[in-house]
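Open the model in your viewer and keep the selection panel at hand. Each stop below names what to select next.

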Amino acid sequence: MLCKPRRRRRCEEALEAAPKLALAHQLAAAIAIKAQDDRQAQQHLRAFLELEPDNVEGWLSLGNSYRRSGGPRDAELAYRQGLRVDLQHGGCRRALVRLLYEQGHSAHAIPIAEAGLRYAPQDAGLLTLLGEALLETEAFEEALHRFDSALRHRPDSAAARQGRALALRGLDRQEDALSELRALEQAGLQHFSLAHNLGNVLSDLGRLEEAEAAYTQALALNPDYGPSYSNLARTRWCLGDDARFLEPFETAFAAGRLAPPLIKAYLDALLAVGQRARFDEARSRFPDSLLAEPALQDTLARAAAAAGDFPAAFQHHRKALSDAEPPLQWECHAAQTELLAGQPGQAAARLERALARDPGNGFLLAYLGVAWTLIGDPRAKTLLAKDLVITMDLGVPPGFESLNAFHEALKKGLEEEHTARQHPFEQTLRGGTQTQGNVLRLGHPAISALRYQLERAVEDTLATLRSRSGPAPHPAFTVPGAWRFSGAWSVRLKPQGFHTMHVHPMGFYSAVYYVEAPPADPQDPQAGWLQFGPPDLTLPTALPIRETRAPVPGRLVLFPSYFWHGTRPFTLGSHRTTVAFDIAPRVIPRGD
């Protein structure tokens, strides 16, 4: 509600009579904020703070104004200045933590929140924000601990309750997460984030029709939330609805919703399913002013490179990478274009610079291995050492008479989880289905037995890696002590099914266990085999397959997650069933 004109006039008169009157600037700023005029509010707040630099509420108001008007860097500086005035000011600290978290800087937000809890250990809002930042770093156990602490101090906090559900989901406790979210729903909470998170958990559980309904509800509550569009499209595609899977995007565009993240998600989906003509037609419908956004320039660069138009691709890359620290994934895309264009030296230099920002980044390491191989850099041999691929036959777990009996029970348990009708469009799987969520979380006796065997195999593998002689594959290669399954899924390929060459950038090590494999084909003895080699790119200089492994039931193959790998199509037999997983370091909760 706007202030009365008389009050505004009195404020202006006071400033004219005494321009150094702090109270007048403070009042003028409040009037501007209520009028949603942040530019005017910032002008008066700066003037007020020149007169009263130790007023922490003024710094908080200035930061909030900058945040509303799209000035995150200025907002951060204002909040930090407020904390210099008063280290124990909860409002400034919560605002700074929230800002850093929203800007993708959770690693910086966490210590700031922890420092604040030393002054106010019962601050439920700060505990919740800390939990949310920890979720972004995948420290799920620590996040759960923080959300539980917040709920002890504020049992009715919907944000902490929903955060707790997300932590449970991260710990592969999907049923518990669903119970938390359903409780919020039954309590009357109607919010797009609740509906979206319900969709995610239901999708993990393989309940795709229910997930579709949840994402639809999320968009009804917030038609501007991009991730719900993407997840709804992915869910419909997996349900076999090829005709309508992108309909939500098109409905939004027809209603005038043209947010760049929404356009990017739509164009990326078209590229992923190979609908290039539709991509070009869609691109022509969007204004150049929107396509000029760096994120969309990255998408256009990839499209141009895929079409072989390298001059256009490089022009788009330059625009996408114009910021001081662009996303590392975009640097990877530019390096990919350089490899396609026959410029491996430039790609290697770019990737080495990018790795200085994130030494263990799986995508960067994957492409660097290709670039080094092409230019003959001896470091490629160390990075892609053959002894890093480890193969073991696991044998019969306790409680089963034979390997065949174990695999028959395992197939039955896994088949119940293959609820999709086709592969996810953004995945490298072709001609088959993939389970949702972490398949190793399930209580099926055969799946539990497999998990037990895999845990022992991982421990043996990590021990082997610790005792390995010679140089580390790369400077950031550190064998974890505590570890976790960061993802696990089953794939069921049909005849002619295969995986294109890909990597698992979020893992430390990855693996595949063979449950069911087709018989050997006399005409093609390596049909269906796992292979390690170059990426799925048409490079000017072809690179050979480095290693292959036969798909033998009962066999486990483990390898660094940054290794390019895929499978050859098979023709004989009915299906090939596998369980694949990634492992990552586990963050141990530290407590209060």
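The tour goes from helix to helix, then to loops.

This is a predicted model, so local features need pLDDT of at least 70, side-chain atom pairs count only at pLDDT 80 or more, and totals for chains, interfaces and linings use all residues. Residues are numbered from 1 along each chain as its sequence is written, and side-chain values use heavy atoms, with hydrogens and water left out.

**Stop 1: H2**

Select residues 22-34, helix H2. Helices here are DSSP runs of H or I with at least four residues, numbered from the N terminus. The expected span is 1.5 Å times one less than the number of residues.

Now colour the buried positions (buried: under 20% relative accessible area; exposed: over 50%; partly exposed: in between; 1.4 Å probe, protein chains only). In H2 they are Ala22, Ala24, His25, Ala28, Ala29, Ile31 and Ala32. An α-helix has 3.6 residues a turn, so residues three or four places apart point the same way. Step just past H2 to Gln36, where phi is positive, about 60°.

**Stop 2: H3 and H4**

Select 38-51 for H3 and 56-68 for H4. The two helices pack at about 155°, with axes 10 Å apart. Axes are lines fitted to C-alpha atoms, for helices over the stretch in contact, and angles run from 0 to 180 degrees between N-to-C directions. H3 is therefore roughly antiparallel to H4 (angles over 145 degrees count as such; under 35 is roughly parallel, 65 to 115 roughly perpendicular, the rest oblique).

H3 passes H4 in a left-handed crossing, meaning that the near helix is turned anticlockwise from the far one by less than a right angle. Show side chains at the contact (heavy atoms within 4.5 Å). From H3 come Asp38, Ala41, Gln42, Leu45, Arg46, Phe48 and Leu49. Facing them in H4 are Gly58, Trp59, Ser61, Leu62, Ser65, Tyr66 and Arg68. The contact residues divide into 7 nonpolar, 4 polar and 3 charged (nonpolar: Ala, Val, Leu, Ile, Met, Phe, Trp, Tyr, Cys and Pro; charged: Asp, Glu, Lys and Arg; polar: the others, Gly among them).

**Stop 3**

Select Phe147 in helix H9, residues 140-153. Is Phe147 buried or exposed? Its relative accessibility is 0%, so Phe147 counts as buried. Beyond residues up to four places away in sequence, Phe147 touches Thr128, Gly131, Glu132, Leu135, Ala160, Gly163, Arg164 and Ala167.

Next, pick Ala218 in helix H13, residues 208-221. Ala218 is also at 0% relative accessibility and counts as buried. Leaving aside neighbours within four places in sequence, Ala218 contacts Phe192, Ala195, His196 and Ser228.

**Stop 4: two loops**

Go to Glu138, in the loop between H8 (124-136) and H9. Glu138 is not a glycine, yet its phi is positive, about 65°. Glu138 is partly exposed, at 30% relative accessible area.

Then select Asp172, between H10 (158-170) and H11 (174-186). Asp172 also has a positive phi of about 65° without being a glycine.

**Stop 5: H20 and H21**

Finish with 310-320 and 328-340, helices H20 and H21. They pack at about 160°, axes 10 Å apart. That makes H20 roughly antiparallel to H21. H20 passes H21 in a left-handed crossing. Among the contact residues are Phe310 and Phe314 of H20 and Trp330 and Leu340 of H21. The contact divides into 7 nonpolar, 3 polar and 1 charged.
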